[in-house]
Amino acid sequence: MNITTNGEAVSIDPLTVQQYLVSLGIDPRRVAVELNLDILPKAQYETTRLKEGDALEIVHFVGGGAVRG
Amino acid sequence: MPLTSDKLVIAGREFDSRLMVGTGKYADFQQMVRAIEVSGAQIITVAVRRVNISDRSKESLLDHIDLKKYTLLPNTAGCYTAEDAIRTCRLAREAGLSDFVKLEVLGDEKTLFPNNEELLKAAKVLIAEGFTVLPYTSDDPIICKKLEDMGCAAVMPLGAPIGSGLGIRNPYNIQIILETVKVPVIVDAGVGTASDAAIAMELGCDGVLMNTAIAGAQDPVAMAEAMNLAVRAGRLAYRAGRIPRKLYATASSPLAGLIA
């Protein structure tokens, strides 16, 4: 199944958001996820199944300040 | 006047330090951690960026920051529209579980001056969504007043362009802002060296936020300590009340008892 993650087209097995994050080696507590432009609350990671054509944004905190990060 | 208790209060939260520092531009995490530590800062700004999904080998910023010790202030640096800034803030809240955001909507890449029209739009939406908004803005008293009236928890006028190190270019505007708004005034951007931070505090500002001045110094850890001292010295001098400036001398030794 094909989805878009952070602007990149990727092909994955059907998974929940939680399973997908873990498969990428991402600690779900340390990120925020936007699914088709809506924030996905952390409580819904385990129950939300990814669908064909979904667009995900996975972000985290990086160094930055009064400058462009 | 008792000078012991002097906390910075933002949206009901108390802080002992009036210096806020960024986490960008450091050579490595060790240097960043050490610099933040000696700066004494309790509020540190972070940026929100996409996770690199193809290379997970890199360490994460949060592996190095003690979240019990520091309040994270996610910023919207790099956003040029209200829409992008709002989206970034919503993601930041979800990632960090805090309502504090440093709202920054830039006007152009060369000056990194704020786009105040978009800033006001974004602030309105975010405040309605329950965010505690700390906006980076021009040193414009009218805009600062509008931001305060809207419900921003502080205003953060620039001293000079971001990363320029030019210091407080218009202390008179900062003074007018201080007389105009009741929320904390935090100078954000423009500080180059310790005296710039001290000047901001001597003017009566409630705090100073900086990143490049520390991270870009030849010895960032030493500069972080200098900034810590400068902010405290400037604050203390402000509270102590300086003498008025006068054109002519005033003798500081008694005239009585002169030998001739």
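Q: What makes Y45(A), E46(A), T48(A), R49(A) and L50(A) contacts of T16(A)?
A: Contact means heavy atoms within 4.5 Å. T16(A) meets that with each of these residues, its neighbours within four places in sequence being left aside. T16(A) sits in the loop between β2 (8-11) and α1 (17-23) of chain A; helices (H or I, at least four residues) and strands (E, at least two) are DSSP runs, numbered from the N terminus.

Q: Why is T16(A) called buried?
A: Its relative accessible area is 6%. Buried means under 20%, exposed over 50%, partly exposed in between (1.4 Å probe, protein chains only). So T16(A) counts as buried.

Q: What is the basis for these values?
A: This is a predicted model: local features need pLDDT of at least 70, side-chain atom pairs count only at pLDDT 80 or more, and totals for chains, interfaces and linings use all residues. Residues are numbered from 1 along each chain as its sequence is written, chains are lettered from A and ligands numbered from 1 in the order written, and side-chain values use heavy atoms, without hydrogens and water.

Q: Why is the pair E57(A) and R50(B) called a salt bridge?
A: The rule asks for a side-chain nitrogen of Lys or Arg within 4 Å of a carboxyl oxygen of Asp or Glu. In this pair the closest N and O atoms are 2.7 Å apart, so the pair qualifies. The rule finds three salt bridges across the interface of chain B and chain A.

Q: How many residues of each chain are in contact across the interface?
A: 37 residues of chain B are in contact with 32 residues of chain A.
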